[in-house]
Amino acid sequence: MELANPDPLTGRPEHGGRDRHTCIAILDVSKLKVILDKAGIPYTLSKSGRPAIFTRDPDANALEFTQVDS
C-alpha cells in the first residue's frame, strides 16, 4: 500500500528523535552503524547517550533503532 506523505519532505528536524518516528528494537547498534556507514546512509546517534540510531527512509519518515538486551 502506498499513501501520499502528509508531512513535508523538507524543513523537518535533522535529528529524527525530534520528529514523529517509529522505533525498532535491535540487539546491536554498532552493527547497524557499520551497515549504514558502508551504504552512505546519514544518521544521528541518540542525544541522551543511550545506544540508539536515528535515520530516515526515502520518504523522510524518521526511524529509531534502539538497542535492547536479548
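1. Start with the S2–S3 hairpin. In this predicted model, strands S2 and S3 form a hairpin with 6 residues between them. Gly49 sits in that turn and has a positive phi of about 90°. The two strands pair in the antiparallel sense, over 2 bridges. Within S3, Ile53 is the bridge partner of Leu45.

2. Next comes the S3–S4 hairpin. Here 5 residues lie between the strands. Ala60, in the turn, has a positive phi of about 75°. S3 and S4 run antiparallel and are joined by 5 bridges. Thr55 stands opposite Leu63 of S4.

3. Now the whole sheet. It is an open sheet of 4 strands, in the order S1-S4-S3-S2, with mixed pairing. S1 (21–26) and S2 (44–45) are the edge strands. Each has a single partner strand, so one side of each is left without a neighbour in the sheet.

4. Is S3 (residues 52–56) enclosed or open? S3 is largely enclosed by the rest of the structure, because 4 of its 5 residues are buried. Buried here means under 20% relative accessible area.

5. One point for reading the side chains. In a regular strand they alternate between the two faces of the sheet.

Terms used. Residues numbered from 1 in each chain as written. Predicted model: local features only at pLDDT ≥ 70, side-chain atom pairs only at ≥ 80, totals over all residues. Heavy atoms only, no water. Pairing = 2+ DSSP bridges. Buried < 20%, exposed > 50% of the residue type's maximum accessible area, 1.4 Å probe, protein only.
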